[in-house]
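Open the model in your viewer and keep the sequence panel beside it. The stops below go from charged pairs to aromatic rings.

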Amino acid sequence: MKTAAICLTTTLVLTSTSLVFGNSVSEEHQLRYDNPGGKATLSVSHDINAGGNESTASRSFFMDLELSESQDSVSVKINKARGSYTAHGMTQRLPASKLTGQSITFSKLDNGHALQRTDPDNDLEIPVGQVIGADYPVGLALVDILPILPQGPVSIGTSWTSSRDTRSLEGWAWAAGSLSSEHTVTALDKDNGHTIVSVTSTSKAQLGKDGNGLQYSGDGALNRTSNWRFDASDGRLLSVSMEQETSGVNSLPQGELEVRQLTKVEFVASGAAGRDLSIQ
């Protein structure tokens with residue numbers, strides 16, 4: 001599997017110096033991946049609109065995860081996984097259960113401000129069909145939604161920008177580009193003595209061909225919005241809710257086909273928002 005080069009940058013562009021936090025003025029808070037251990041779930045869905053028709057096909061992936069950390073890395077074990085593909089009114093189960101019990105390792109970068117796959121060429125993959133030419137890497141799905149944290153302290157109104165390489169399964173072809181994001185802190189809350197930072201991120205990219213399997217072309221427009229919560233006291237990501245809209249062209253064996261896709265991703269750590277974290 002060809003792997004795009006890793007490129008991570010972050011720039012702090014605005015910092016609010018104080019805010020009302022309960023009945024007092026709050027201090028600013030540093031965000032770092034210090035203790036991201038615990039259980040979590042990850043769900044990914046692709047709603048594919050091809051040729052200007054209504055929803056043509058869909059894919060979905062669901063995983064129960066268990067995270068453990070060391071000083072320089074984070075290990076993510078897959079406790080349970082399943083996937084499906086629906087087209088022409090028929091649903092096919094994808095062979096995701098084979099990943100049960102296997103693990104992916106992520107390295108902490110830049111003093112814990114970002115995470116990246118330690119060995120991207122040996123990612124855990126879910127087969128998604130021979131026509132696509134490259135299977136779906138679980139580690140890539142995770143690292144693509146993990147926020148790049150700011151260098152400086154944050155409070156309400158703090159904004160920063162970041163950029164990273166991105167690779168995305170669009171319809172029946174892989175696409176790649178550079179994702180530029182702006183992040184803004186929208187709230188600070190206290191929960192059992194922990195400081196919870198809420199952030200909204202907006203991202204844009206121009207996608208082009210990835211080189212694996214079928215070719216991707218067209219305008220390649222990508223627009224993404226993410227809302228995420230981070231425990232600044234523990235250095236732990238609690239949740240991410242992401243929606244992404246893309247448009248482009250797949251070069252299929254039967255000819256070129258315009259494809260629009262809505263991708264939704266939900267990551268929820270144990271204890272976040274009181275949700276049931278088990279996959280049924």
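Select Arg167 and Asp210: both are buried, meaning under 20% relative accessible area with a 1.4 Å probe and protein chains only, where exposed is over 50% and partly exposed lies in between. This is a predicted model, in which local features need pLDDT of at least 70 and side-chain atom pairs count only at pLDDT 80 or more, while totals for chains, interfaces and linings use all residues. Residues are numbered from 1 along each chain as its sequence is written, and side-chain values use heavy atoms, with hydrogens and water left out.

Arg167 and Asp210 form a salt bridge, with the closest N and O atoms 3.1 Å apart; the term requires a side-chain nitrogen of Lys or Arg within 4 Å of a carboxyl oxygen of Asp or Glu. Arg167 lies in strand S12 (residues 159–170) and Asp210 in the loop between strand S15 (208–209) and S16, so the pair ties together parts that are 43 residues apart in sequence. Strands (E, at least two residues) and helices (H or I, at least four) are DSSP runs, numbered from the N terminus.

The charged end of Arg167 sits over the Trp174 ring, 4.0 Å from its centre; the criterion is NZ of Lys or CZ of Arg within 6 Å of the ring centre and within 35 degrees of the ring normal.

Tyr136 and Trp174 make a stacked aromatic pair, 6.2 Å centre to centre with 25° between the planes. Rings of Phe, Tyr and Trp (its six-membered ring) pair if their centres lie within 6.5 Å; planes under 30 degrees apart count as stacked, over 60 as edge-to-face and the rest as tilted. Tyr136 and Trp174 are both buried, and together with Phe61 they form one aromatic cluster.

Return to the charged pairs, of which the structure holds five as salt bridges. Select Arg224 and Asp144, whose closest N and O atoms are 2.6 Å apart in a salt bridge. Arg224 is in strand S16 (residues 216–231) and Asp144 in helix H1 (residues 138–145), 80 residues apart. Now colour H1 by accessibility: eight of its eight residues are buried, Leu140 and Leu142 among them.

Another salt bridge joins Asp123 to Arg117, at 2.8 Å between the closest N and O atoms. Both residues, Asp123 and Arg117, are buried.

For the last stop, select Arg82 and Phe62. Arg82 lies over the face of Phe62, 4.5 Å from the ring centre.
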